[in-house]
Amino acid sequence: MGRMKSKWSIKILMLGILSCMSSISFGGVKTADSLLIQRIYDYRRNFAAEVSDSMRNIYIKYDVDVLKRNASLALVPSLYDISKGKRSFVGEMYGTIRFKDVKHYDIQKELQLTTVPHSGNIMPTMVNYIVPDLYAIDLLEGTLLSPFNRQNKIFYFYQVTPMSNKFSIVSYIPRARNTQLVKGFALVDNLTGRIVNAKILGTYDMMEFSVDVEMGDINNNPSIIPINSTSRTMFKFMGNHIRTTFYASFNCHGTIPDSITDKRLAMNYLRPMALTSKQRGLYDEHYGNTDTIPTVKRKPNTWDIIGNHIFNSHSTGSEKASVRLSPLINPLYLSYSGRRGLSYHLKMGGTLKFNESHFISFTPRIGYNFKIKQLFFNTPLRYNFSNKYRGWIEVDVANGNRISNFQLPDYFNDFNMRLSLNYMIGKVEMTPTLMYHSRTAVNPEAVRAEGKETKYNSFAPSLRMTYTPTPAWPTLSLNYERGIKNVMKSNMEYEKWEFDASYKRKMQSLRILNLRAGYGFYSNRKVTHFIDYTNFHENYLPDGWDDDWSGEFQLVNSDWYNMSRSYFRANASFESPLMFLAFTPLVGKYLETERAYASFLLLDNTRPYTELGYGFKSRYLSLGAFVSFLNMSFQEIGFKFTLELFRKW
């Protein structure tokens, strides 16, 4: 990779190997060397042109070699198609890449060849590695602390080796063995601090990886994105070993013909480098010993089609429309908490885009909670009509929020529908909503025996208003809802208010501080049951580390949510990729992020309640441990976990 003279390549390779050996001494950085590292930190601000709405042609080629495998490989998203049969595969893609910025881009595949059965999309997460954001805090979006950013300097040792008056090698190793830290080296321009090319090695998300990038020139190409990159990985899981190589070129000048009569001939014309003999042999074996693709395609086996749809996630789309489905059977979507039990959920989504501001999205979600033996679902259908003013209309049909009250002898299932409009005026975002609930007793005989109704309906207009003065200030919200009788057979009348303030501060090196406080009450006290708050309710289908762990209670008795005429809550969490366990030798290398929690609750019928907790997220699972106190007296200890394997795949 790269177009440097061979003598430079050999020197860089040898120095890089020496720099990454554990025996080398990385002590304090000399003054002159420190100045060069400071230039790297300052390069983006002083010299680099930012990337904004930039489009170019892109070519991607990948090799996949299955070194070891067993039946469990079929459970890994996107790998079902190579879980049996042949062990070596090759694929290519030619299309366009549009950058909104370095981390946010869309790739449109215009021409594609692959020997993977059923044209499978292998390891889509690998695409993230082809465009590392070297000068940012995080190399990828939200992960891997970059050694080339000033905020992360406390996590790395550096060594500078002069190559000439113009270039030097900067080698780096982490101070702690952690999956968020990397090692490697870079060839750097002594005058400006520009990274000419770099090697990055690490372990993240079930993969050992090595990324080689050749960066753009300061004059002719945005120098903060690569010209070429090569990403190599070794994936190991339950006895399966898979080696991949992804090569990407971002400086392609070939133009795809308006009409393509033969894909293989077209790719022969467009690819920027020749195939290896192994790659050509794989194509010949798959398509036949010819430069053209046979017009008669092999029909897939029926069981392969069934298995592919059950165990694989699927996504397809174009510039105007896209659809994504999660696997129907995937044990990795299980989550558990002592209070709410075991749950399993699936996600899907689709988008139909008319233009950048006008589009329709449909993002249904379905799940099952084994503790209460109930199927949950919601089906939000949204029409977005203004990005500038955050304008959208949404219809949602759902069930859930299984509810009870001390005045009722049983739980009630909740079927609900809502119609919402959202629009922003200035800095105030307003969401008027029409809401309908139909609540039916789980055990109607027991309810009738107590002389109670077995079905309650409510119709309520509501208004939510949110205000964020500036990004540095908390977001303030007001929720007002009024239940009206005799509309759509409604037999409930109530009025409630909720006030909430939430603050999320992103700090140095991917640290995040979350603060939240809220107060709610029923001003109309005619209703004596089905107290149902918007900002204080039970959640039976959590969604892993990135759900509302940092803004919810984990050990609160479920009945408390539905029996108090008022509440005051306060939640705080601090998140960091390196906090406590991250620095321990045996455990730290597996941890991605840690959190500390503190929560406080005051209801009108209970003493002050406090909850403290600690959690971490690893490549395998997210785990939290919580302890609760009622009026400073110990109550209980509880745990919560969610499997995180392949969540980003």
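Modeller: A strand is a DSSP run of E covering at least two residues, and strands are numbered from the N terminus. Serine 168 lies in one of them, strand E7, made of residues 167-174. The model we are reading is predicted.

Colleague: How many helices and strands does the chain have?

Modeller: The chain has 6 helices and 32 strands.

Colleague: Why is serine 168 called buried?

Modeller: Its relative accessibility is 4%. Buried means under 20%, so serine 168, at 4%, counts as buried. Its strand is mostly covered too: 7 of the 8 residues of E7 are buried.

Colleague: What makes the link between serine 168 and asparagine 190 a polar contact?

Modeller: The two side chains are joined at 2.7 Å. The limit for a pair of N or O atoms is 3.5 Å, with one atom able to donate a hydrogen and the other to accept it. The value of 2.7 Å is within that limit, so the pair is called a polar contact.

Colleague: Which residues does serine 168 contact, leaving aside neighbours within four places in sequence?

Modeller: Among them are Leu36, Val160, Pro162, Met163, Ala186 and Asn190. Proline 162 is also the bridge partner of serine 168.

Colleague: In which sense do E7 and strand E8 pair, and over how many bridges?

Modeller: E7 pairs with strand E8, residues 183-189, in the antiparallel sense over 6 bridges.

Colleague: Why is isoleucine 637 called exposed?

Modeller: Isoleucine 637 lies in strand E32, residues 633-643. Its relative accessible area is 54%. Exposed means over 50%, so isoleucine 637 is exposed.

Colleague: Which residues does isoleucine 637 contact, apart from neighbours within four places in sequence?

Modeller: They are Leu555, Phe626 and Val627. As for glutamate 611, that residue is 26 residues away along the chain, and its C-alpha atom is separated from that of isoleucine 637 by 9.6 Å.

Colleague: What makes the phi of leucine 144 worth a remark?

Modeller: Most residues other than glycine have a negative phi. Leucine 144 has a positive phi near 65 degrees, and it is not a glycine. The residue lies in strand E5, residues 143-145, and counts as buried because its relative accessibility is 2%.

Colleague: Where does aspartate 205 lie, and what is its phi?

Modeller: Aspartate 205 is in the loop between strand E9 (195-204) and strand E10 (207-215). Its phi is positive, about 55 degrees, although it is not a glycine. With a relative accessible area of 7%, aspartate 205 is buried.

Colleague: What follows helix H4?

Modeller: Glycine 288 does, with a positive phi near 105 degrees. Within H4, residues 277-287, the buried residues include Leu282, Tyr283 and Tyr287. The buried residues of H4 pack against strands E1, E2 and E3 and helix H3.

Colleague: Which members of the largest nonpolar core touch the most other members?

Modeller: That core has 68 residues, and the members in question are Leu79, Ile82, Tyr129, Leu134, Ile195 and Phe235. Apart from this core lies another, of 18 residues, among them Tyr494, Ile531, Tyr561 and Tyr597. Returning to isoleucine 195, its contacts beyond four places in sequence include Ile40, Phe148, Ala186 and Met215.

Colleague: How much of the chain counts as buried?

Modeller: Of its 649 residues, 51% do. The chain exposes about 30900 Å², and carbon and sulfur atoms supply 58% of that area.

Colleague: How confident is the predictor, on average and over residues 1-25?

Modeller: The average pLDDT of the chain is 84, and 86% of the residues score at least 70. Over residues 1-25, pLDDT stays under 50. Where pLDDT is low, the predicted coordinates should not be read in detail. The model has 39 contacts beyond four places in sequence for residues 1-25.

Methods. Residues are numbered from 1 along each chain as its sequence is written. This is a predicted model: local features need pLDDT of at least 70, side-chain atom pairs count only at pLDDT 80 or more; totals for chains, interfaces and linings use all residues. Side-chain values use heavy atoms; hydrogens and water are left out. Helices (H or I, at least four residues) and strands (E, at least two) are DSSP runs, numbered from the N terminus. Buried means under 20% relative accessible area, exposed over 50%, partly exposed in between (1.4 Å probe, protein chains only). Contact means heavy atoms within 4.5 Å. pLDDT is the predictor's confidence in each residue, from 0 to 100. Accessible areas come from the Shrake-Rupley method with a 1.4 Å probe; for residues, only the protein chains shown count as cover. A nonpolar core is a set of buried Ala, Val, Leu, Ile, Met, Phe, Trp, Tyr and Cys residues joined through side-chain atoms within 4.5 Å. Two strands pair if DSSP finds at least two bridges between them.
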